[in-house]
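Subject: The structure and what turned up in it

Hi,

Have a look at it first, and then read on.

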Amino acid sequence: MDINGTYTLQASPEVVWTLLMDIQTLQRTIQGIERLERSGEDTYAFTLHIKQAPFSGSYSGNAVATKLEYPYSYHMRAEGEGIPGTFHAEWNITLTAQGENTVVAYQGSLHFSRANAQLPSTLVKGTIKVLIQQFFTAVADHLRPASYPYQNASEVNVTQLEVSHIHNEHIAISTFPDKPSFLHTIVRQLGLGDNDPLLEQQWVNRLRRIGLVSMLLFLVWVGTRLPRRFTTR
């Protein structure tokens, strides 16, 4: 199964490359990573727990980076296995400067096998897209000049992002410049977005629309309660 897409991040290729190659950064940005350690030159051992179906479960495996051409491209290969099944993935990453930003493009393939199950390709591909999007969402958090903590400090801090457009699997991402709004804090405290920044933003938009409609209805109600003036001739 072929997987490809592009993401735009607000940093130079050199900065983005450094983040993508840093183990500590990867430990904070890969969703569900439980163990990630260097086992050799550009080789890593990992344990990963995925919550999203149809991949839900724990996997252990190895990943290796090859064909490194700093800071513009490299090749990654990863394979792992667990109770849910086994997977093998390969992809090429290219970083292209675009003004003050970097366009990160990936293109590769994924082979996933699950015992006694034939999974729909659309479901598999859609879930992979969600996982990749969550990863770049977290990477964007590290590119912000200043980060803010949510009030629940025990949770992993995930950046609030603005998705400027989604079209043909190409997503541009930019970070919010200011601290979270009151609605963002409420949504996070109530867990409405399940810690997914995009879902949280959708809930914020819904609450804004509900608030606007409620205000209009309130004004109409007030208008019906005001005394009316009658004019006589």
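A residue is called buried when its relative accessible area is under 20%, exposed when that area is over 50%, and partly exposed in between, using a 1.4 Å probe and protein chains only. By that rule, 39% of the 233 residues of the protein chain are buried.

A word on where the values come from. This is a predicted model, in which local features need pLDDT of at least 70 and side-chain atom pairs count only at pLDDT 80 or more, while totals for chains, interfaces and linings use all residues. Residues are numbered from 1 along each chain as its sequence is written, and side-chain values use heavy atoms, with hydrogens and water left out.

**The overall picture**

The protein chain has 5 helices and 9 strands; helices (H or I, at least four residues) and strands (E, at least two) are DSSP runs, numbered from the N terminus. Read from the N terminus, the order of elements is β-α-α-β-β-β-β-β-β-α-β-β-α-α. Contact means heavy atoms within 4.5 Å. Among the contacts with a separation of 6 or more, 51% are between residues 24 or more positions apart. The chain exposes about 14,400 Å², and carbon and sulfur atoms supply 56% of it; the accessible areas come from the Shrake-Rupley method with a 1.4 Å probe, and for residues only the protein chains shown count as cover.

**The cavity**

There is 1 cavity of 30 Å³ or more. A cavity here is a set of points, on a 1 Å grid over the protein atoms alone, where a 1.4 Å probe fits but cannot get out; lining residues have an atom within 4 Å of a point. Grid points are joined across faces, edges and corners, and the volume is the space filled by probe spheres set on the points. The largest cavity holds about 1,000 Å³ of space. It is lined by 34 residues, and those closest to its centre are Ile30, Leu48, Ala78, Trp91 and Ile132. Elements that give two or more residues to this lining include helix H1 (13-21), strand E6 (86-98) and helix H3 (121-142). The lining divides into 30 nonpolar, 3 polar and 1 charged, where Ala, Val, Leu, Ile, Met, Phe, Trp, Tyr, Cys and Pro count as nonpolar, Asp, Glu, Lys and Arg as charged, and the others, Gly among them, as polar.

**Aromatic rings**

Rings of Phe, Tyr and Trp (its six-membered ring) pair if their centres lie within 6.5 Å; planes under 30 degrees apart count as stacked, over 60 as edge-to-face and the rest as tilted. That gives 9 aromatic pairs. One of them joins Tyr59 and Phe87, edge-to-face, at 5.8 Å centre to centre with 75° between the planes. Tyr59 lies in strand E4 and Phe87 in strand E6, so this pair ties together parts 28 residues apart in sequence. Tyr59 is buried at 2% relative accessibility, and Phe87 is buried at 16%. The rings of Tyr59 and Phe112 also pair edge-to-face, with centres 6.5 Å apart and planes at 65°. Since Phe112 is in strand E7 and Tyr59 in strand E4, that pair links parts 53 residues apart in sequence. Phe46, Phe55, Tyr59, Phe87 and Phe112 form one aromatic cluster.

**Two residues and their neighbours**

Ala45 sits in strand E3 and is buried, at 9% relative accessible area. Ala45 and Asn62 are 17 residues apart in sequence, yet their C-alpha atoms are 4.5 Å apart. Gln31 is in the loop between helix H2 (23-29) and E2 and is partly exposed at 36%. Leaving aside neighbours within four places in sequence, Gln31 is in contact with Leu48, His49 and Gln134.

**Backbone points to look at**

Most residues other than glycine have a negative phi, and most peptide bonds are trans. Here, the bond from Ala53 to Pro54 is cis, with omega near 10°, and Pro54 lies in the loop between E3 and E4. The bond from Tyr70 to Pro71 is cis too, with omega near -10°; Pro71 is in the loop between E4 and E5. Asp42 has a positive phi, near 60°, and is found in the loop between E2 and E3. Lys67 has a positive phi of about 55°, lies in strand E4 and is exposed at 64%.

Best wishes

How values were computed: On a 1 Å grid over the protein atoms alone, a cavity is a set of points where a 1.4 Å probe fits but cannot get out, and a pocket is an open set with protein on both sides within 12 Å along at least five of seven lines; lining residues have an atom within 4 Å of a point.
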